Structure formats: C-alpha cells, structure tokens
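Please open the model in your viewer and keep the sequence beside it.

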Amino acid sequence: QVQFVESGGGLVQPGGSLRLSCATTDSSFSIRPMGWYRQAPGKQRELVATITGSGSTTYADSVKGRFTISKDNAKKMLYLQMSNLKPEETAVYYCNTNRAMFNWGQGTQVTVSS
C-alpha cells in the first residue's frame, strides 16, 4: 500500500512562508499526477495544488501566485512552497494523488497566527 509522510508544518506569522514536504513509497510517483490538499477545522478537505508527471501545475484560485508545487522524482518527494500565508490557511496539509487514490497520511499542521 502506498504511504505518504508529510512534514514541514509549524506556526508562522501572517505573511510568512513555509515549505512542506511529502515522502511517498509510490513506485509510480514519477508519472502519477499528485496534489496537495488541506483541511481546516470544521471544513471539508480541499485540493490546493496539483502537478502532473511532466511537471504541469494547477492551483486553486485562493493560492495562485503564493504557493508553488514541485517534486523530485529521484527522491520520491513532493513539495509545497507557501508564501504570504493568511490566518484562514491554518489547516492540516496532506499530499495524495490528484484524485486521492490512496489512504491519507497523518498530514502536517500549519498554523498561521500572530
């Protein structure tokens, strides 16, 4: 079973930056479309960014221009660079395929607060 381990979250002030990482055991990682998701307290999980096997990216309108998704196929790592963070982006962040094919990891908590 494919596993995901997210890391890099923490407490950051509004306007700050964080870089999230996701390690996966997926042997098809290099060709599989991947995504970063987040779930705020009391809200549904939402997809915020995707990246295809060839490196094409898409972003939710709310994060365009501030978040950057990337990956390292050799290391089987997915990244999310987040800048100019807002308090409403406090959430647990997860990685998975762009269609959430596999079980979720534990996620990484991002708290944006002064």
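Leaving aside its neighbours within four places in sequence, with which residues is Arg38 in contact? This is a predicted model, in which local features need pLDDT of at least 70 and side-chain atom pairs count only at pLDDT 80 or more, while totals for chains, interfaces and linings use all residues. Residues are numbered from 1 along each chain as its sequence is written, and side-chain values use heavy atoms, with hydrogens and water left out.

**First selection: Arg38**

Select Arg38, which is found in strand β4 (residues 34-39). Strands are DSSP runs (E, at least two residues), numbered from the N terminus. The contacts of Arg38, apart from neighbours within four places in sequence, are Gln44, Arg45, Glu46, Val48, Ser62, Val63, Phe67, Glu89, Ala91, Val92 and Tyr93; contact means heavy atoms within 4.5 Å. Arg38 counts as buried because its relative accessibility is 7% (buried means under 20% relative accessible area, with a 1.4 Å probe and protein chains only).

Now display the side chains of Glu46 and Tyr93. The side chain of Arg38 makes a polar contact of 2.7 Å with that of Glu46, and another of 3.2 Å with that of Tyr93. A polar contact is a pair of N or O atoms within 3.5 Å; within protein, one must be able to donate a hydrogen and the other to accept it, and residues adjacent in sequence count only if both atoms are side-chain atoms.

Five of its six residues are buried, so β4 is largely enclosed by the rest of the structure. β4 pairs with β5 in the antiparallel sense over five bridges, and with β9 in the antiparallel sense over six bridges; two strands pair if DSSP finds at least two bridges between them. On the β5 side, Trp36 has Ala49 as its bridge partner. On the β9 side, Gly35 has Asn96. Follow β4 into β5: the two form a hairpin with six residues between them, and Gly42 in the turn has a positive phi of about 75°.

Return to Tyr93, whose contacts beyond four places in sequence include Glu6, Trp36, Arg38 and Gly107. Then select Gly107, in the loop between β9 and β10. Gly107 counts as buried because its relative accessibility is 11%.

Terms used
Helix = DSSP H or I, 4+ residues; strand = E, 2+ residues; numbered from the N terminus. Buried < 20%, exposed > 50% of the residue type's maximum accessible area, 1.4 Å probe, protein only.
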